[in-house]
Amino acid sequence: MQSLVIVAHGSHLNPDSSAPTHDHADTIRSIGAFDEVRTGFWKEEPSLREVLRTVEGDEIYVVPLFISEGYFTEQVIPRELRLDGWDVSQWDSDGLSADHAVITAEDIDRTVHYCGPVGTHEAMTDVLVRRAESVTGDSDVGDGFGFAVVGHGTERNENSAKAIEYHADRIRQMDRFEEVQALYMDEEPEVDDVTDFFETEDIVVVPLFIADGFHTQEDIPEDMGLTDDYTKGYDIPAHVDGHRIWYAGAVGTEGLMADVILERAADAGASIGDALEIVREQTRSAEPAMGD
Amino acid sequence: MSVTLDSIEPNQFDAFLSTLSSEDVIAFDDLYVRYEPKTDTYEFETNEITASRLSESELHEQARQASDYLTNWWFWSEVVGDEVPHLFAFLRFLEDGDEHPVVDRYAALADGMTKAWGQLQITTTLAQDGARQYEIRHVDDHDSSASTLDAYSDPLSARDISTFDGKGRYRPLRTAPSLPTGWVFTELSARDAYETVDTFYPATIANWYREHQGTIDIDHWRDTAERQTGIYGIIDELAYDAVEHVAATCCTDSQCLKRREWQYDEETPLHAEGGDGIFPCREPCSLVVAAARKWTTLEREETETYTFELTSSEKEQIEDIIHAVADDETDDIREADVYEGANRYRARFLREKRMDEHGHLIEADAGHGHSDHEQDTHEE
């Protein structure tokens with residue numbers, strides 16, 4: 001029996017934090033790629049401490065719904081899941097290349113496949129692009145458009161910026177958008193000055209965040225000048241300094257994220273049949289993102 | 001009175017025979033059946049019947065006459081199975097399966113057997129083939145007609161129902177006693193009943209089962225505090241008395257329906273009430289840890305002596321306001337009920353009279369003022 005466990009941060013304050021986790025879990029359940037799909041949270045329930053004891057399978061794939069390798073994926077999750085003898089060297093990663101490790105979860109005395117975070121998987125690049133398609137309502141978006149990938153920055157985690165650069169490079173290599181730029185909230189180049197970095201009139205801005213919250217719904221829209229007051233909402237596109245800004249909100253809310261979760265599990269050996277194709281197709285018809 | 005189901009389904013008897021051919025013996029609840037290969041006959045025994053040297057057709061007839069026993073075996077062995085021990089044990093608990101004989105249980109199930117699990121009321125009934133069906137609703141809706149409640153059948157709907165309380169506020173703690181009312185899950189299968197309960201109250205069944213098995217793993221306050229890193233790494237500074245306050249604040253039945261089993265440490269119990277809930281709390285939860293972080297920083301402050309002038313009623317009013325907030329009663333105080341100390345107009349009047357333009361209490365000796373209000377930073 002094959003089980004998928006998606007682990008995420010969650011929040012005591014904001015129900016939107018865990019909403020994408022639940023949505024993607026539901027997508028994967030609906031296509032039956034796993035015998036069971038469970039979710040576990042640092043701040044919500046079931047907690048990371050207790051999620052594994054609700055899992056019934058003997059082939060267990062744990063996928064962290066986090067953007068980058070770092071404190072949570074390397075310390076908090078393994079500790080709370082009680083992955084016996086975990087050492088980050090088991091991932092043998094350069095900060096972007098964590099794949100998976102096979103390790104015994106002490107709580108249930110079964111082995112689990114502990115996967116790298118979704119945010120550093122190459123398939124994440126496709127989700128960023130899909131997000132641009134969703135927010136513009138144009139599946140061919142690219143010509144005449146600039147693309148900004150926005151991250152938190154290195155203040156909290158050096159690997160966070162690596163993930164942003166990595167995906168920005170990959171989008172650039174697609175040669176699909178006129179210009180591609182990595183921007184940050186707390187360091188140069190800053191998202192506040194987004195219009196300074198693009199020649200194109202149209203700019204799609206996609207934050208590499210798992211869920212919408214304070215940063216993506218309040219800080220970034222105000223910092224970019226989409227609105228003076230986030231509570232009043234903003235237009236999509238919004239007109240700023242002669243540019244049209246198509247602000248997409250957190251990439252993690254995009255339906256195609258389910259694909260990255262599946263890719264992580266498949267890379268670790270999960271047998272998922274044609275689930276990837278189904279998810280890619282099924283999530284294509286997702287409603288365009290709304291700003292509010 | 002036995003509610004004998006008047007027949008058994010062909011697939012049920014097939015499963016019965018198939019099990020006997022592979023295992024020779026079925027012994028479950030009050031049913032005992034044995035296959036004797038030498039004579040190719042069966043021995044059949046219930047609380048009411050003892051028969052031996054039965055041919056297969058006689059066995060079939062006997063099984064039909066004792067269909068309660070047979071369908072009971074079929075449900076527990078073939079429908080539920082024992083692959084997931086806590087699921088099996090939980091469903092048995094719902095019908096007191098280990099306490100009452102099959103015949104009595106079937107009689108009770110005909111009317112429905114009801115159990116409470118936190119704020120859930122779970123009623124087990126029999127379907128025509130002896131499979132169980134489950135209905136789940138809020139305990140406060142026990143008198144409501146199901147037709148007046150919003151009906152659900154997908155266990156995952158429990159997630160959305162329990163995300164907000166009746167006033168639309170986000171519920172960060174799934175086991176808080178603030179589950180909204182007005183919904184019902186009907187005709188659930190055994191598996192879906194389990195999943196629904198596990199969605200409302202994640203991991204409570206697994207922990208309850210471990211407790212019954214004597215294998216519950218308790219992480220006491222010290223274990224949990226010392227495990228923390230990052231911004232929560234400081235909570236192990238909290239003194240025993242403060243941990244008592246934390247437990248009394250967060251872990252009573254008025255705040256959480258889990259029964260606190262964790263103590264200060266293995267040797268040092270906490271005296272705060274831990275609640276009477278059916279499912280255990282095996283370690284300080286993330287909400288307690290996050291709140292404890294704030295209390296750790298607050299507990300670092302030294303006390304100071306302030307002098308404020310208040311009338312006796314004003315002092316009482318401040319106490320009323322603290323009680324109203326602590327007991328979540330502010331919404332219950334009517335707008336014009338100025339007899340309540342925590343009434344909005346009463347609080348506004350007190351603020352006008354006793355606080356300055358910065359919102360700080362005016363001290364009696366203005367020259368002895370403190371300026372530490374600026375330290376009041378907002379943290380999660």
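Domain 1 and domain 2 of chain A bury about 1800 Å² between them, 56% of it given by carbon and sulfur atoms; buried area is the accessible area (1.4 Å probe) that two parts lose on being put together, summed over both. A:I67, A:L96 and A:E254 supply 36% of what domain 1 of chain A buries there, more than any other three residues. The model is predicted, with local features needing pLDDT of at least 70 and side-chain atom pairs pLDDT 80 or more, while totals for chains, interfaces and linings use all residues. Residues are numbered from 1 along each chain as its sequence is written, chains are lettered from A and ligands numbered from 1 in the order written, and side-chain values use heavy atoms, without hydrogens and water.

Domain 1 of chain A covers 2-120 + 254-285 and domain 2 covers 125-253, with bounds from an automatic or database domain assignment. A:E254 also takes part in a salt bridge with A:R131 (2.7 Å, N to O). A salt bridge here is a side-chain nitrogen of Lys or Arg within 4 Å of a carboxyl oxygen of Asp or Glu. The count between the two domains is 1 salt bridge.

Between the chains, 35 residues of chain B are in contact with 26 residues of chain A, where contact means heavy atoms within 4.5 Å. Chain B and chain A bury about 2600 Å² between them, 42% of it on carbon and sulfur atoms. B:R159, B:Y170 and B:R227 supply 22% of the area buried by chain B, more than any other three residues. The chains share 12 salt bridges. B:R159 forms a salt bridge with A:D26 (2.6 Å, N to O).
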